[in-house]
Amino acid sequence: FLTLKWRKCLYFLQTIIRRIVMANFDISQFKVVESPYYQEQFNEVDLYKVAYSSRLPLMIKGPTGCGKSRFIEHMAYKLDKPLITVSCNEDITASDLIGRFLLDSDGTRWVDGPLTIAARHGAICYLDEIVEARQDTMVVIHSLTDHRRELMIDKKGELLKAHPDFQLVISYNPGYQSIMKDLKQSTKQRFVALDFDFASPEIEVIIVSNESGVDPEIAKKLVQFANATRKLVGHGLDEGASTRLLNYAGVLISKGVDIKDACQIALIKPITDDTEVREAMNTSMEAIFG
């Protein structure tokens, strides 16, 4: 057994090594280097800036493909902050977020997870579709979302105080909520929240035209078709065509694909396999595009 003196020396040496590793870690690799196109819908940009300046954890709610992730990329770019994104799923464990010991030729070494990297180096950590993660995994974020702003790394015996620039952002789609997949109130009430939805038709036309390079008149008809599919939600569709899919259709059209073929492979076939619903969508497409 090591004497107390040697244990102190070993702990001091480990601390120095950790600091050297931290100093050599290049957090700039997570910077958003190009400005992502984003069309503001309400005053969400100013609201986010205030939330970030106050280091308040943020929750973003909205349907699939409405621009939640693009918004976070846009804000990370504007604020010149690193952004670490985690796409959550039911297999994610606390170790996936915090980190784990790995074996290599020199024995074992600790590797920080994305949440720990963000908290240690001052990045924005974005947990996308948070409700897909297991409930027990979400408990680990609680201490980072209140006045403590700290993360207990049990396996290392380390209490990590979050960097002053660290912020936690989560997102999910309320349309997919269920008893089994919903955030507990103990988690929800640790965040300020922004509600997102599909942009107004006028703004969505601008988005699709700019993102895909398609002619504004065609973009207008694509948006009109998307809104027709959104009216079918609850009547055969779980969700209508998203802005993301509209951009895909626009890209195909701008590359020379026939408009109706583009609508088929980008706006109809991805969102339903139901024959009757597809027929209804085809009828709408014929009415809009002729």
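# Strands, helices and salt bridges in a predicted model

Strand β1 (residues 58-61) and β8 run parallel and pair over four bridges. The model is predicted.

Me: Why is β1 called a pairing partner of β8?
Reply: Pairing needs at least two bridges. β1 and β8 have four bridges, in the parallel sense. I60 has S171 as its bridge partner in β8.

Me: What makes strand β5 a partner of β8?
Reply: The cut-off is again at least two bridges. Strand β5 (residues 124-128) and β8 form four, also in the parallel sense.

Me: Why is strand β8 described as largely enclosed?
Reply: Buried means under 20% relative accessible area. Six of the six residues of β8 (residues 167-172) are buried, so the strand is largely enclosed by the rest of the structure.

Me: Which residues of β8 point which way?
Reply: Q167, V169 and S171 point one way. L168, I170 and Y172 point the other way. All are buried.

Me: What makes helix α5 mostly covered?
Reply: Seven of the eight residues in α5 (residues 114-121) are buried. They are L115, T116, I117, A118, A119, R120 and H121. Just after the helix, G122 has a positive phi of about 85 degrees.

Me: Why is the contact of D96 with R100 called a salt bridge?
Reply: The rule asks for a Lys or Arg side-chain nitrogen within 4 Å of an Asp or Glu carboxyl oxygen. The D96 and R100 side chains meet at 3.1 Å, N to O. The pair therefore qualifies.

Me: Are D96 and R100 buried, partly exposed or exposed, and what is the reason?
Reply: The partly exposed class lies between buried, under 20%, and exposed, over 50%. D96 has a relative accessible area of 30%, so it is partly exposed. R100 is at 32%, so it is partly exposed too.

Me: What makes D146 and R190 a salt bridge?
Reply: Their closest N and O atoms are 3.1 Å apart. The limit is within 4 Å, so the pair counts.

Me: Which parts does the D146 and R190 pair tie together?
Reply: D146 lies in the loop between α6 (135-138) and β6 (150-153). R190 lies in the loop between α7 (185-188) and β9 (192-195). The pair therefore ties together parts 44 residues apart in sequence. D146, at 21%, is partly exposed. R190, at 24%, is also partly exposed.

Me: How many salt bridges does the rule give, and which residues join into a network?
Reply: The count is 15 salt bridges. Salt bridges with shared partners join D112, R120, K156 and E158 into one network.

Me: How do helices α10 and α11 pack?
Reply: Helix α10 (residues 243-254) and helix α11 (residues 259-268) pack at about 145 degrees, with axes 9 Å apart. The contact includes L245, Y248 and L252 of α10, and I259, A262 and I265 of α11. By class, the contact has eleven nonpolar, no polar and no charged residues.

Notes. Residues numbered from 1 in each chain as written. Predicted model: local features only at pLDDT ≥ 70, side-chain atom pairs only at ≥ 80, totals over all residues. Heavy atoms only, no water. Axes fitted to C-alpha atoms, helices over the stretch in contact; angles between N-to-C directions. Helix = DSSP H or I, 4+ residues; strand = E, 2+ residues; numbered from the N terminus. Contact = heavy atoms within 4.5 Å. Nonpolar A, V, L, I, M, F, W, Y, C, P; charged D, E, K, R; others polar. Buried < 20%, exposed > 50% of the residue type's maximum accessible area, 1.4 Å probe, protein only.
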